[in-house]
Amino acid sequence: MPVEVKVPTILRTYTDGEKAVTGTGGTLGEVLHDLDSRHAGIRERVVDGDAVRRFVNVYVNDEDVRFTGGLGTGVSDGDTVVILPAVAGG
Amino acid sequence: MRFDSLLDSVGRTPLVGLPRLSPSADVRLWAKLEDRNPTGSVKDRVALAMVVAAEKDGRLRPGCTILEPTSGNTGISLAMVARLRGYRLVCVLPENTSVERRQLLGMWGAEIVTSPAEGGSNEAVRVAKALAQEHPDWVLLYQYGNPANSDVHHDTTGPEILADLPEVTHVVAGLGTTGTLMGVGQFFRTARPEVRIVAAEPRYGELVYGLRNLDEGFVPELYDEALIDTRFSVGPRDAIRRVRELLDLEGIFAGISTGAVLHAALGEAARAVDARKQADIAVVVADGGWKYLSTGAFEGTVEEAEQRLHHQLWA
């Protein structure tokens with residue numbers, strides 16, 4: 001089940017400059033493993049142990065995965081995953 | 001309503017129904033109009049609270065210089081409070097913020113140090129921390145880590161919402177310093193733990209995220225994810241579309257970040273309708289639209305406006 005993964009500028013060294021790549025899997029964790037098989041090293045920049053890294057935010061269909069099951073968050077065909085560095089506001 | 005001075009009039013903002021945006025009689029939206037504060041944003045609460053706290057603990061004395069990294073509203077509020085209480089204010093403002101913010105800061109007498117557009121507010125924080133090192137006598141109030149920021153929402157904004165809307169089921173607000181949601185969240189976790197606390201976070205253009213590496217990301221010290229139930233990332237297209245709907249349907253002229261908050265609130269409303277549940281959803285309107293006229297957010301098509309916002313910090 002392909003999902004679109006939007007990659008931030010700083011991680012495009014892993015995707016030959018592509019802004020968005022496609023991954024497959026039933027969960028976010030599986031999609032990131034699948035991406036890593038073609039873009040070696042990218043998973044390590046997003047994941048620390050069994051959670052998303054502290055200064056990285058990952059959204060599935062615009063919802064922060066920390067509130068939807070983390071790497072176990074379910075994904076299905078046509079979903080969009082967005083990876084972004086954490087930024088300040090205010 | 002009568003007050004002894006402008007500072008005494010901060011807070012106690014109206015909560016108004018949004019009958020035309022609400023999906024049904026059972027699922028209703030309510031707007032907490034924080035633009036009704038003295039300088040036109042929710043940050044008047046925060047600025048006053050941080051200054052009063054710093055005066056109490058002796059860090060701020062007459063004639064002191066206050067330093068603050070801010071993308072605008074906090075600076076404008078602090079400028080007003082600093083003027084009335086006799087402090088000098090230096091704000092570190094990212095280059096890519098609207099011209100109105102600079103004009104307003106100048107009107108209240110603040111001095112502006114500009115930080116580079118690339119990196120957004122993260123850069124402003126970095127520059128302010130460096131300035132604080134150079135000027136140890138300056139007082140960095142630091143809204144991202146100052147407990148007075150969230151405490152004031154725990155003590156005022158949260159209780160005001162509950163008093164005006166005892167049947168409240170959701171509170172939705174923007175996430176920047178996280179102060180509003182941390183304070184309101186903490187209040188409701190105790191007072192009404194079943195109330196769902198929802199964050200709407202602006203998603204900017206790529207320039208703002210143009211950091212050199214991921215370790216330079218920034219999470220405010222105040223942030224505790226246990227105090228919110230979920231968090232949505234909302235891009236400029238949805239924010240513009242919703243802020244225009246709020247104007248067209250309800251007559252409320254709000255800032256762009258309110259469009260993002262409304263987008264998340266309407267998502268929650270749709271979920272309640274699907275689940276056939278009653279919902280009363282409080283939406284925090286952080287500021288009015290005036291400061292964003294020059295951004296072009298209210299002109300032309302949504303797509304054109306989205307293009308114009310691409311490199312700007314619009315929330």
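Reply: Two residues are said to be in contact if their C-beta atoms, placed from the backbone, lie within 7 Å. This is a predicted model, in which local features need pLDDT of at least 70 and side-chain atom pairs count only at pLDDT 80 or more, while totals for chains, interfaces and linings use all residues. Residues are numbered from 1 along each chain as its sequence is written, and chains are lettered from A, with ligands numbered from 1, in the order in which they are written.

With that in place, the contact draws 33 residues from chain B and 22 residues from chain A. On the side of chain B that touches chain A, the elements giving two or more residues are helix 4 (120-134) and strand 9 (230-234) of chain B, where helices (H or I, at least four residues) and strands (E, at least two) are DSSP runs numbered from the N terminus. Strand 9 of chain B gives the most to this side, namely five residues. Sorted by type, the residues of the side of chain B that touches chain A comprise 14 nonpolar, 14 polar and five charged; Ala, Val, Leu, Ile, Met, Phe, Trp, Tyr, Cys and Pro count as nonpolar, Asp, Glu, Lys and Arg as charged, and the others, Gly among them, as polar.

Turning to the chain as a whole, chain B has nine helices and ten strands. Its radius of gyration is 19 Å, close to the 20 Å that the globule rule gives for 315 residues, so chain B is as compact as a globular protein of that length; the radius is taken over C-alpha atoms, and the rule is 2.2 Å times the number of residues to the power 0.38. The C-alpha trace of chain B spans about 60 × 40 × 40 Å along its principal axes. Among contacts in chain B with a separation of 6 or more, 72% join residues 24 or more positions apart.

Within chain B, four strands form an open sheet in the order 5-4-3-6, with parallel pairing, two strands being paired if DSSP finds at least two bridges between them. Strand 5 (111-115) and strand 6 (139-140) of chain B are the edge strands, each pairing on one side only. Strand 3 (residues 65-69) and strand 4 (residues 88-94) of chain B run parallel and are joined by five bridges, and B:Ile66 has B:Leu89 in strand 4 of chain B as its bridge partner. Helix 2 (residues 73-85) of chain B packs on this sheet, where it touches strand 3 and strand 4 of chain B, and its direction makes about 170° with that of strand 4 of chain B (axes are lines fitted to C-alpha atoms, for helices over the stretch in contact, and angles run from 0 to 180 degrees between N-to-C directions).

Elsewhere in chain B, helix 1 (residues 43-56) and helix 5 (residues 147-164) pack at an angle of about 115°, and their axes are 8 Å apart. The residues making this contact include B:Val46 and B:Met50 of helix 1 of chain B, and B:Val152 and B:Thr156 of helix 5 of chain B. By type, the residues of the contact of helix 1 with helix 5 of chain B are six nonpolar, four polar and two charged.

The phi of B:Arg276 is near 55°, a positive value in a residue other than glycine. B:Arg276 counts as exposed because it has 8 other C-beta atoms within 10 Å.

Key:
Buried ≥ 20, exposed ≤ 12 C-beta atoms within 10 Å, placed from the backbone.
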